[in-house]
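Please look over the sequence and the structure, then read the points grouped by topic below.

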Amino acid sequence: MTFSMKLGQLAEFLGATLSGPAELEIVGLATLQDAGPGQLSFLANPQYRKYLGESTAAAVLLKPSDAEGFAGHALIVPDPYLAYARISHLFDPKPKAVAGVHPSAVVAADAQIDASASIGAFAVIESGARIGPGVTVGAQCFIGARCVIGEGGWLAPKVTLYHDVRIGKRVVIQSGAVLGGEGFGFANEKGVWQKIAQIGGVTIGDDVEIGVNTAIDRGAWLIPALVMVSNSTTRSRLHITFRSAITRPWPLASESPVAPRSVSIARSQVASGWSAISMSVMVCSFPV
């Protein structure tokens, strides 16, 4: 199914200055190099300005300084990349979940599921779990006992939440992620390792995104639980271990393990792929 919007509608949506015909039909998004008729592009990085003049995009998201002298159609905004991020959701072809519980789902009698939530095929919702308004729980997800998922959450198929995991509002969790698995804890008794029960929890703030195959462990203590603050993101195959606290909005890229015990992340940090953060570390502001 092809989605389209008029350029004037997009300008109104963004609060942008329109330079071009309001009735111009936009059917998709693409880079300056790849965009064709009917597609909207953007210029955010000055290194790509050389492609602006030769682009065949129907219109381009531009900063005021880049729009000067540009002969094509444009939406003029303070931050073209942010504007592109907002518009991308309008053209997202991801299927919309239908409210209700699939007949094959297994739901405990005392689980609370809002009528507007969607529970997919073969999902399991255990005792005491609470699923908020507008939540999507994909096929074959497991939601453990007493878990809480806040309003507008979206869980892709095959996400696992162990017991007592608390998820904030509008959280996105991609397939294969496991939250609340047991952290590493053993005591040595004359050469024999005795397991320590991991009785802590995992708390995820609002507007967090957790990538494919990410593992976020619970700890051995009730307080502090593992916490990810609002507006943090992780990418695929990330392992965040017990007693870690991501206390500021922070993007963590693929293959970036965060070791146990009191990892505190300050504001405005980025960890790229294959980064590693060791035990008892504070990552401060102003990265090099």
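Contact means that heavy atoms lie within 4.5 Å. The model is predicted: local features need pLDDT of at least 70, side-chain atom pairs count only at pLDDT 80 or more, and totals for chains, interfaces and linings use all residues. Residues are numbered from 1 along each chain as its sequence is written, and side-chain values use heavy atoms, with hydrogens and water left out.

**Overall**

- The protein has three helices and 33 strands; helices (H or I, at least four residues) and strands (E, at least two) are DSSP runs, numbered from the N terminus.
- Of the 288 residues, 41% count as buried, where buried means under 20% relative accessible area, exposed over 50%, and partly exposed in between (1.4 Å probe, protein chains only).
- The accessible surface comes to about 15,100 Å², and 57% of this belongs to carbon and sulfur atoms; accessible areas come from the Shrake-Rupley method with a 1.4 Å probe, and for residues only the protein chains shown count as cover.
- Among contacts between residues at least 6 apart in sequence, 24% join residues at least 24 apart.

**Strand pairing**

- Two strands pair if DSSP finds at least two bridges between them.
- Strand β4 (residues 28-29) runs parallel to strand β5 (residues 39-42) and is joined to β5 by two bridges, with L29 opposite L40.
- On β5, L40 also stands opposite A59 in β6; three bridges join β5 to strand β6 (residues 59-62), and the two run parallel.
- Strand β18 (residues 160-161) is joined to β21 by two bridges in a parallel arrangement, and T160 stands opposite V178 in β21.
- Four bridges join β21 to strand β26 (residues 215-218), again running parallel, with G181 opposite D217.

**Nonpolar cores**

- A nonpolar core is a set of buried Ala, Val, Leu, Ile, Met, Phe, Trp, Tyr and Cys residues joined through side-chain atoms within 4.5 Å.
- The largest core has 29 residues, of which V137, I143, L161, I173 and L179 touch the most other members.
- The elements giving two or more residues to this core are β19 (165-167) and β24 (202-204).
- A second, separate core of 17 residues includes A16, A59, L61 and V77.
- Beyond its neighbours within four places in sequence, V137 is in contact with residues including S118, G120, I131, I143 and L155.

**Two loop residues**

- Q174 lies in the loop between β20 (172-173) and β21 (178-182).
- Q174 counts as buried because its relative accessible area is 18%.
- Neighbours within four places in sequence aside, Q174 is in contact with W154, A156, V159, E209, I210, G211 and V212.
- N45 lies in the loop between β5 and β6 and counts as partly exposed because its relative accessible area is 32%.
- N45 and Y81 are 36 residues apart in sequence, and their C-alpha atoms are 8.8 Å apart in space.

**Surface patch**

- F184, F186 and W193 form a nonpolar patch on the surface, with about 400 Å² of accessible area together.
- Patches are made of residues with over 30% relative accessible area and no salt bridge, with like charges joined within 9 Å and nonpolar side chains (Val, Leu, Ile, Met, Phe, Trp, Tyr) within 5 Å.
- A salt bridge is a side-chain nitrogen of Lys or Arg within 4 Å of a carboxyl oxygen of Asp or Glu.
- F186 is in strand β22 (residues 186-189) and is partly exposed, with a relative accessible area of 35%.
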